[in-house]
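Try each task before reading its solution.

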Amino acid sequence: MHVVFLGPPGAGKGTQARLLHDRFGLEQISTGDLLRENIARQTALGKSAEEYMQQGRLVPDDLVIEMIARELERASDGFVLDGFPRTVTQAEALDALLARRGTPLDAAVLFSGNRAALVARLSARWTNPRTGRTYNTLTDPPKVAGIDDEDGGPLVQREDDRPETVTKRLDVYDEQTRPLVEYYRKAGKLVQIDALASVQTVADRIAAALGAEHARQ
Ligand code: AP5
């Protein structure tokens, strides 16, 4: 399966991409995680991306497309792209890359949710920067505050989860990423999921929708 996850910040794309990886072995490719790793290592890409991310703006298309092209070369089996594409230019580049590989996209899963709920989720998110595992102090807290249940490592809050940056990221989503809904609807690939249900319900709905999509093709 070759799947992209679309949806506003905080909709649960990362959480569900990790579950799809565990359930079906699909490789999870998260542009946000890859960019944060590049910033941590202070690579040329990380240095170019850092200011955009701190401000809640999109990193320029050419940088992100080049990074994804490299990742796709390594992903020989199925994958779920979490956070890419985010502009029509990125979606067209992805179509071209997949056509070259002979692996067309199976589905674009759209996570939908209202703004107030997403802002609340992001202000309660804590992440293990080493593994990417996320918690939520409202709905899924760690056993000990600030400590990962799995590896005992420290949990941190993302710098771009501050309320003013979250507002900017949601505006950027509306302006630059929302047009992709129509792009994938026209291509017959769009699958819409209510992202405000529980984590397990959302996971089950995605699995059912992808199973149906797979059977249809
Ligand atoms: P990125 O890291 O991709 O952030 P995002 O898309 O804004 O998404 P988030 O990671 O904030 O949210 P999510 O939907 O993954 O939710 P999560 O599962 O964590 O991008 C960051 C930045 O990188 C961008 O702003 C941009 O600058 C740059 N960038 C990245 N990709 C780019 C691209 N393609 N082009 C250009 N620039 C790019 O869940 C959120 C919280 O809710 C967690 O606490 C979780 O535990 C909880 N939760 C999840 N599901 C549920 C549920 N069903 N019920 C209750 N709580 C839930």
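**Exercise 1.** Which polar backbone atom lies 2.8 Å from a nitrogen atom of the ligand?

Solution. Start with the backbone: the atom belongs to G83. The pair is a polar contact (N or O atoms within 3.5 Å). Go on to the side chains. An N or O atom of R121 is 3.3 Å from a ligand nitrogen. An N or O atom of N136 is 3.0 Å from a ligand oxygen. Now take the area: alone, the ligand exposes 1,000 Å², and the protein buries 96% of that. Areas come from the Shrake-Rupley method with a 1.4 Å probe.

This is a predicted model: local features need pLDDT of at least 70, side-chain atom pairs need 80 or more, and totals for chains, interfaces and linings use all residues. Residues are numbered from 1 along each chain as its sequence is written, and side-chain values use heavy atoms, without hydrogens and water.

**Exercise 2.** Find which element gives the most to the shell around the ligand.

Solution. List the elements that give two or more residues: α1 (13-24), α2 (31-40), α6 (115-123) and β6 (134-136). Then pick α2, which gives the most, with four residues.

**Exercise 3.** Is P85 buried or exposed?

Solution. Locate P85 in the loop between β3 (79-82) and α5 (88-101). Its relative accessible area is 1%, so P85 is buried; the cut-off is under 20% with a 1.4 Å probe, protein chains only. Beyond four places in sequence, its contacts (heavy atoms within 4.5 Å) include V4, L94 and Y184.

Note on methods: Buried < 20%, exposed > 50% of the residue type's maximum accessible area, 1.4 Å probe, protein only. Polar contact = N/O pair within 3.5 Å; in protein donor to acceptor, adjacent residues only side chain to side chain.
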